[in-house]
Amino acid sequence: MTRWIRSLLVVAGLAVVAYLVVQIGPAAIWSSLVTLGWRLPLVLAFPYALAAVVDTLAWWLLLPGPVPFWLLMRARLAGEAVNLATPTMAVGGEPLKAYLLRPHVSLPDGLVSVIADKTTIVVGQMIFLALGLLTARFLEPPAGRVLPIMTGLLGVEILAIGGFVLVQASGGLGHGGRLLGRLGTRVGMGAGGGRLQQGLGELDRALAALYRHGRRRLIASALVHAVAWATGGLEVYVVLRFLRQPAALSTALIIESFASGVKFASFMVPASLGALEGGYVAFFEAFGLAASAGLSFVLVRRLREFTWAIVGFLALGVSGRAAARGEIEGRTAAP
């Protein structure tokens, strides 16, 4: 059932993209892409490379011990590539990140850092959206009903994220582990169900300890992730400059903050297909920019995502071999 729903969402997203292309006009979109010309490789490389470094730094703040930064960066790129390429609601690559950190970080500690990092990513996005709304309200109000809609979305985010944090801090994973353990006994999982229950219980206790004793690290990680989200605004600004669309950096940051809210709201849709395209077009028009520039920007971003997914899978090959080699060496050295 889930596969069918996700397939329908993909088809609906593609239909939205096709509708926008027809409405705006393929010629206008192609003209914008031609205007980028030789600058396209710069757009594909620079802003996201900065975001990847900043996001990796935010994850590094949550780790229990020293880890080589470039190993952490490779693990992050590999996990994000899997998130993008597989229909797993952007979570399929998270356990992979923890696995690729071995033997520098144990798998349980790696999983704790990954779960906490996923939380601070969303908190950072919420902070970025709140700052974008404040800037838009007092400096550059957009046309239409964009502000009320995005303000309502921010309220939903605050409730959802607050609930998610409370679940982690109050033993949600442990309760899930106990339930799975009971179900496992009933269906004959036996020791497997018990091991699953024990593992989730340990993970729950480690997460709770991080929330009790590592609040400064969690807050710092969220703030750093907010900076990483803001680099997307830099990407919008650079593309607009290359497309000869007059827009201030503050406008680009507001547009990106609103788009991050759309991405949060459409997390069930693979790669937010259709939702982001429609959102960027609406936000560009609300600030007096060409709709063709908005759709052209999204297409460039899709190309950038594809490019960095390839980089991530290359990093997966390197990090996977390193992790396997480290595990073999650890077993050999063990008495």
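Glu94 and Lys97 form a salt bridge, with their closest N and O atoms 3.2 Å apart; a salt bridge here is a side-chain nitrogen of Lys or Arg within 4 Å of a carboxyl oxygen of Asp or Glu. The model is predicted, so that local features need pLDDT of at least 70 and side-chain atom pairs count only at pLDDT 80 or more, while totals for chains, interfaces and linings use all residues. Residues are numbered from 1 along each chain as its sequence is written, and side-chain values use heavy atoms, with hydrogens and water left out.

**Salt bridges**

- The structure holds nine salt bridges, and Glu80, Glu94, Lys97 and Lys118 are linked by such bridges in a network.
- Glu94 and Lys97 both lie in helix H5 (residues 94-100), where three residues, about one turn of the helix, separate them; helices (H or I, at least four residues) and strands (E, at least two) are DSSP runs, numbered from the N terminus.
- Both Glu94 and Lys97 are buried, where buried means under 20% relative accessible area, exposed means over 50%, and partly exposed is in between, with a 1.4 Å probe and protein chains only.
- The side chain of Glu235 meets that of Arg301 in a salt bridge of 2.5 Å, N to O, and this pair links distant parts of the chain, with Glu235 in helix H10 and Arg301 in helix H13, 66 residues apart.
- Glu235 counts as buried because its relative accessibility is 2%, and Arg301 counts as buried because its relative accessibility is 9%.
- Glu235 also forms a salt bridge with Arg304, at 2.9 Å from N to O, and this pair likewise links distant parts of the chain, from helix H10 to helix H13, 69 residues apart.
- Arg304, like Glu235, is buried.

**Aromatic pairs**

- There are six aromatic pairs in the structure; rings of Phe, Tyr and Trp (its six-membered ring) pair if their centres lie within 6.5 Å, and planes under 30 degrees apart count as stacked, over 60 as edge-to-face and the rest as tilted.
- One of these pairs, Tyr280 with Phe284, is edge-to-face, at 6.5 Å centre to centre and with 70° between the planes.
- Tyr280 and Phe284 both belong to helix H12 (residues 275-286), and they are four residues apart, about one turn of the helix.
- Tyr280 counts as buried because its relative accessibility is 1%, and Phe284 is buried, with a relative accessible area of 0%.
- Ring pairs join Tyr280, Phe284 and Phe297 into a cluster.

**Nonpolar cores**

- The largest nonpolar core has 38 residues, of which Met150, Phe258, Tyr280, Phe283 and Phe284 touch the most other members; a nonpolar core is a set of buried Ala, Val, Leu, Ile, Met, Phe, Trp, Tyr and Cys residues joined through side-chain atoms within 4.5 Å.
- The elements giving two or more residues to this core are H6, helix H7 (146-169), helix H10 (215-242), helix H11 (249-265), H12 and helix H13 (291-333).
- A second, separate core of 14 residues includes Leu63, Leu72, Ala78 and Val114.
- Apart from neighbours within four places in sequence, Phe283 is in contact with Val146, Met150, Ile255, Phe258, Ala259 and Val262, contact meaning heavy atoms within 4.5 Å.

**Surface and helix H3**

- Leu131, Leu134, Phe138 and Leu139 form a nonpolar patch on the surface, with about 480 Å² of accessible area together; patches are made of residues with over 30% relative accessible area and no salt bridge, like charges being joined within 9 Å and nonpolar side chains (Val, Leu, Ile, Met, Phe, Trp, Tyr) within 5 Å, and accessible areas come from the Shrake-Rupley method with a 1.4 Å probe, where for residues only the protein chains shown count as cover.
- Leu134 lies in helix H6 (residues 107-138) and is partly exposed, with a relative accessible area of 47%.
- Leu42, in helix H3 (residues 40-60), is partly exposed at a relative accessible area of 44%.
- Leu42 and Val238 are 196 residues apart in sequence and 9.6 Å apart in space, C-alpha to C-alpha.

**Positive phi angles**

- Most residues other than glycine have a negative phi.
- Arg244, although not a glycine, has a positive phi of about 60°; Arg244 sits in the loop between H10 and H11 and is exposed, with a relative accessible area of 62%.
- Ala271 also has a positive phi, near 60°; Ala271 is found in the loop between H11 and H12 and counts as partly exposed at 39% relative accessibility.
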